[in-house]
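Please keep the sequence and the structure in view while reading.

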Amino acid sequence: MKLGIVIPCYNEEEGLSETTKQLQSLLNEMIREGEISSESFVCYVDDGSKDRTWELIKGFQNDDSHFKGIKLSRNFGHQNALIAGLMQLKDEADALISMDADLQDDIWVVKDFVAKYKEGYHVVYGVRDDRTTDTGFKRGTAEMFYKFQAFMGIESISNHADYRLLSQKALNTLAEFKEINLFIRGVVPLLGYKSCSVYYKRGERFAGETKYPLKKMIAFALDGIASFSVVPLRLITITGFILFLLSLLVIAWIVLDKLFFNTAVQGWTSTMVSIYFIGGIQIMSIGIIGEYIGRNFQQSKNRPRYIIDEEI
């Protein structure tokens, strides 16, 4: 089989040489053992890096024909860089594997991916068997995110990021999804093809800093929820109905007190609490609705998800 490995890169100058060295060893061994074709390749997708990442990629390609490069015109974000590589190369290999450039994913699991592909699987997920390398905060927020996704009715694979194999058939189907904010982790399970998981231990980042700080993680989570679930909109309706029932009870209590007891006194505290509570619910509801409207606005413009500046 002809295998391609797609790796998005953003300012990966510090660790890319080591990543390339290890991938060369992997490819050479798999080719030598007949597991993959000698035409198999690795493609780095430079997502508008500001350091020497692209210069390094061009050097790798000059030294070894198994390496390719795609340079985007600017920074489009990790998911768009990943989809750029997958879509540009989907017809050039029997299957593509996506992974990060930081060597946290165990690259030797690629052998297991290929073995599962040959067994007939079109999608193979790389799943972490533990999160001991994460901080307590990141581990806790990740678990909350997966549980919240399940509550929202979003099908996802727990402890799976973007380390996966997709067959050419799966890639061609993925190409039919035209969303601007494409949440790949949520889309892939929707393909419905025969799939399985391969478990591995995730290591420490080899060099450089994480490209997913808290701000980007929150934005990524919001994209995933808003792209796949209308539950937040339904929760607004339910919340409004509950508040309506509570208001009826309060109105009934006020009328009864006025008619029979006449002890009602307009309290400043209860009035202010009600105003702030209802106002907060309204603002939050408007914000949630705005998220959905904003995504419809972005989709209606039909702008490209990525623009390629150069390919080698």
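Asn11 lies in the loop between β1 (3-9) and α1. The model discussed here is a predicted one. With a relative accessible area of 24%, Asn11 is partly exposed, because that class lies between the limits of 20% for buried and 50% for exposed.

Most residues other than glycine have a negative phi. Asn11 is not a glycine, yet its phi is positive, at about 55°.

## Leu103

Leu103 also has a positive phi, near 65°, and is a residue other than glycine. Its place is the loop between β4 (95-98) and α4 (110-118).

Is Leu103 buried or exposed? Its relative accessibility is 15%, so Leu103 counts as buried; the cut-off for this class is under 20%.

## The packing of α1 and α2

Two packed helices are described by the angle between their axes and the distance between the axes. Helix α1 covers residues 16-32 and helix α2 covers residues 53-63. They pack at an angle of about 25°, and their axes are 10 Å apart. That angle makes α1 roughly parallel to α2, because angles under 35 degrees are placed in this class. The crossing in which α1 passes α2 is right-handed.

Which residues make the contact? From α1 come Leu16, Ser17 and Thr20, while α2 contributes Thr53, Leu56, Ile57 and Phe60. Of the residues in this contact, 4 are nonpolar, 3 are polar and none is charged.

Asp129 is located in the loop between β5 (123-128) and α5 (136-151). Its relative accessibility is 45%, and therefore Asp129 counts as partly exposed.

When residues up to four places away in sequence are not counted, Asp129 touches Tyr199, Tyr200 and Lys201. Along the chain, Asp129 and Lys201 are 72 residues apart, but their C-alpha atoms are separated by 5.8 Å.

## The chain as a whole

The protein chain contains 10 helices and 8 strands. Of its 312 residues, 42% are buried. The chain exposes about 16800 Å², and carbon and sulfur atoms supply 58% of that area.

Among the contacts in the chain with a separation of 6 or more, 84% are accounted for by residues 24 or more positions apart.

Definitions and conventions
Residues numbered from 1 in each chain as written. Predicted model: local features only at pLDDT ≥ 70, side-chain atom pairs only at ≥ 80, totals over all residues. Heavy atoms only, no water. Axes fitted to C-alpha atoms, helices over the stretch in contact; angles between N-to-C directions. Helix = DSSP H or I, 4+ residues; strand = E, 2+ residues; numbered from the N terminus. Parallel < 35°, antiparallel > 145°, perpendicular 65-115°, else oblique. Left-handed = near helix turned anticlockwise from the far one by under 90°. Contact = heavy atoms within 4.5 Å. Nonpolar A, V, L, I, M, F, W, Y, C, P; charged D, E, K, R; others polar. Buried < 20%, exposed > 50% of the residue type's maximum accessible area, 1.4 Å probe, protein only. Areas by Shrake-Rupley, 256 points an atom, 1.4 Å probe, with all protein chains shown as cover.
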